[in-house]
Amino acid sequence: MPPGDKRKGVTGTRKIVAVGFLLPALVLLGALVVYPIGYSLYRSFFDQPGTGFAGLDNYVEIFTDDTILTAVKNNAIWVVVAPTVSTALGLTFAVLTERVRWGTAFKLIVFMPMAISMLAAGIIFRLVYEQDPERGVANAVWVGVHDTFAESAGFPRARPLPVHPLEAAGGGAFVTKEPVSAQAPVQVPLVGVAPAKMPSDAEPAKAAEPGDGKIHGTAWLDFTRGGGGKPNVIDSEELGLKGIKVEAVKDGKVVAEARAGADGTFTLPASSDGALLRLPADNFREPYNGVNWLGPNLVTPAIIGSYVWMWAGFAMVLIAAGLASVPRELLEAARVDGANEWQVFRRITVPLLAPVLAVVLVTLMINVLKIFDLVFIIAPGSSQDDANVLALQLYRSSFGTDADLGLGSAIAVLLLLLVLPVMFFNIRRMRRETRR
């Protein structure tokens, strides 16, 4: 056999062997990737039952339906914000921890969330963002900071009964129906406070005794547990409203103020004689309950925050690996030439890390285009429409009693079209890097 024919025979045999090895992978790729993409494209041109040709109606609906438009808008926010913030944090962590001895431990802590599944992270942050400060960590911290600088109300739901000597004064305040006198003790009874919510050091209410020309009175909870008490009468089991603020008002101006003691008694100066006593609204405002993190306005930023918590460590590890390969001679030469650390970072470190930063950024962009788990788990039903993204809308449109597989397939095709340019950019960049 001529050498040329022999070589051709060997080459043909190698091709057959190569195809034989690739065939199982190609079959799986065709069955799990190519066929679903082709069928989704085909199905996107049909109506909900799949029996009638709908043309481009499903694609038109994507850009006219308000719910789906919200998903498109949120996806744009995700693509811009989440990869950028994660990459910036990763770069910051990688650079700042490069020279410290405990840098490895810090990187381990930051990277640890990557070991948690999206499902588990969603459950964690659903609890973190709970509205109740006693359960949600975010609001516990927020309320703690707020209450440090703003005094909280002691009796948010307290109010007088119609038979009490108090009436509404507008704005949530209450005022005595008649001017007070130094000759008679002032009664300030209220109801609407659960005994368990009373100050822990409140004492049984004590009747004030007039004298010395000053205004004396008692503010108390006019409620006897188990019933049997009389209105406007201090019974033995009724507690004083410790700390409640009382103001003396004459001609619309506050002339004096006082706070009730543990037994509810208070004293105002003689100048308060003939004034009306007012319980200001500050006594009764609802306690600050924090921020509604999962409300319509903040739900998307809150979920992006949970994503950044997970993926900033991923960005940090890749960037730190790239940073380790940066020639130290260039950095030191710049410092010798008089460049400060910010100039070294901006003019040398970042340009040298540009390929790594591009890899991280593109990888995260592809990842967030398909984000589903965190949004589905963290966003409550009341604000899920406001946090909607395309992958979640794909699920909602494709499953359930009113599923529309035509619309769901159109959304799937749209997602594919959004991911493809980013993938092509990444492939081209990798080829350029390989040629170098």
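Helices here (H or I, at least four residues) and strands (E, at least two) are DSSP runs, numbered from the N terminus. With that in hand, helix α13 spans residues 405-435 and includes Arg435. This is a predicted model, in which local features need pLDDT of at least 70, side-chain atom pairs count only at pLDDT 80 or more, and totals for chains, interfaces and linings use all residues. Residues are numbered from 1 along each chain as its sequence is written, and side-chain values use heavy atoms, with hydrogens and water left out.

**The core**
- The largest nonpolar core has 53 residues, and Trp78, Tyr129, Ile303, Tyr307 and Leu374 have the most contacts inside it.
- Such a core is a set of buried Ala, Val, Leu, Ile, Met, Phe, Trp, Tyr and Cys residues joined through side-chain atoms within 4.5 Å.
- Buried means under 20% relative accessible area, exposed over 50%, and partly exposed in between (1.4 Å probe, protein chains only).
- Elements giving two or more residues to this core include α3 (66-96), α7 (299-324) and α13.
- The most comes from α7, with 15 residues.

**Exposed residues in helices**
- Arg435, in helix α13, is exposed, with a relative accessible area of 68%.
- Val27 belongs to helix α1 (residues 3-43) and is exposed too, with a relative accessible area of 52%.

**Loops to look at**
- Asn232 is not a glycine, yet has a positive phi of about 65°; look for Asn232 in the loop between β4 (215-221) and β5 (245-250).
- Asp251 is likewise not a glycine and has a positive phi of about 55°.
- Asp251 sits in the loop between β5 and β6 (253-259) and is exposed, with a relative accessible area of 82%.
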